[in-house]
Amino acid sequence: MYARYLDEVTEGFFRFRLGRNAVDIIAKAYLQPGHDLSYQHVTFAEAGHRIVGMASGFTAADQRGFSDQPLRVAAGRQAWRLRVTGIIAAPLLRILETIANDDFYIVTMIVEKDVRGAGLGSRLLDHMENRARSSGSMRIALDVAKNNGGARSLYAHRGWTVASKWPSFPLLPTVFLRMTKPLNTQS
């Protein structure tokens, strides 16, 4: 489920980077600690004995210490594809380098379409905000697709504001919005 959700949230980015075996590669890497795709950073939402959502996140300090070695090892012979697409996608991957030092970053947040509106997204956000506070972070941040109006509305309703846009070059259309929320406010 983690691999499927991750690829869905990133609109096929991991399938692009890892090829047709992306789900298997991500699943292998997921079991290893110490990197951004590790089980250590993931929370699942369940309803009726079914996984219906997920959120994953980490601190800026965690992110700066991550290695992509577990993903390369899990990719095996496909590691070449990871390196090549890493060069091609470098401008997009740099978005993670813009996480502020005191931020907790939510890298993925998803709820199944058939259960949206039932409060699961809010519960996942509550959990992630609590994790962020526990980590000592001062602010929580995420990037959301500009065209994802439902998610943007949920975040805005919960006190999140747009902090920046990506790309920030004036002639290019905005693709992502970085939304943030100070952690000294209540949900």
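Me: In this predicted model, which helix holds alanine 79?
Reply: Alanine 79 lies in helix H6, which covers residues 79-88.

Me: Why is alanine 79 called buried?
Reply: Buried means under 20% relative accessible area. Alanine 79 has 7% relative accessibility, so alanine 79 counts as buried.

Me: What makes up the secondary structure of the chain?
Reply: Nine helices and six strands. Helix H6, with alanine 79, is one of the helices.

Me: How do you know that the radius of gyration agrees with a compact globule?
Reply: The rule is 2.2 Å times the number of residues to the power 0.38. For 187 residues, that puts a compact globule near 16 Å. The chain has 16 Å, so the value agrees. Along the principal axes, the C-alpha trace spans about 45 × 45 × 30 Å.

Me: How much of the chain counts as buried?
Reply: Of the 187 residues, 44%. The accessible surface comes to about 10300 Å², and carbon and sulfur atoms account for 54% of that surface.

Me: What share of the contacts between residues at least 6 apart joins residues at least 24 apart?
Reply: The share is 66%. A contact here needs heavy atoms within 4.5 Å.

Conventions: Residues numbered from 1 in each chain as written. Predicted model: local features only at pLDDT ≥ 70, side-chain atom pairs only at ≥ 80, totals over all residues. Heavy atoms only, no water. Helix = DSSP H or I, 4+ residues; strand = E, 2+ residues; numbered from the N terminus. Buried < 20%, exposed > 50% of the residue type's maximum accessible area, 1.4 Å probe, protein only. Areas by Shrake-Rupley, 256 points an atom, 1.4 Å probe, with all protein chains shown as cover.
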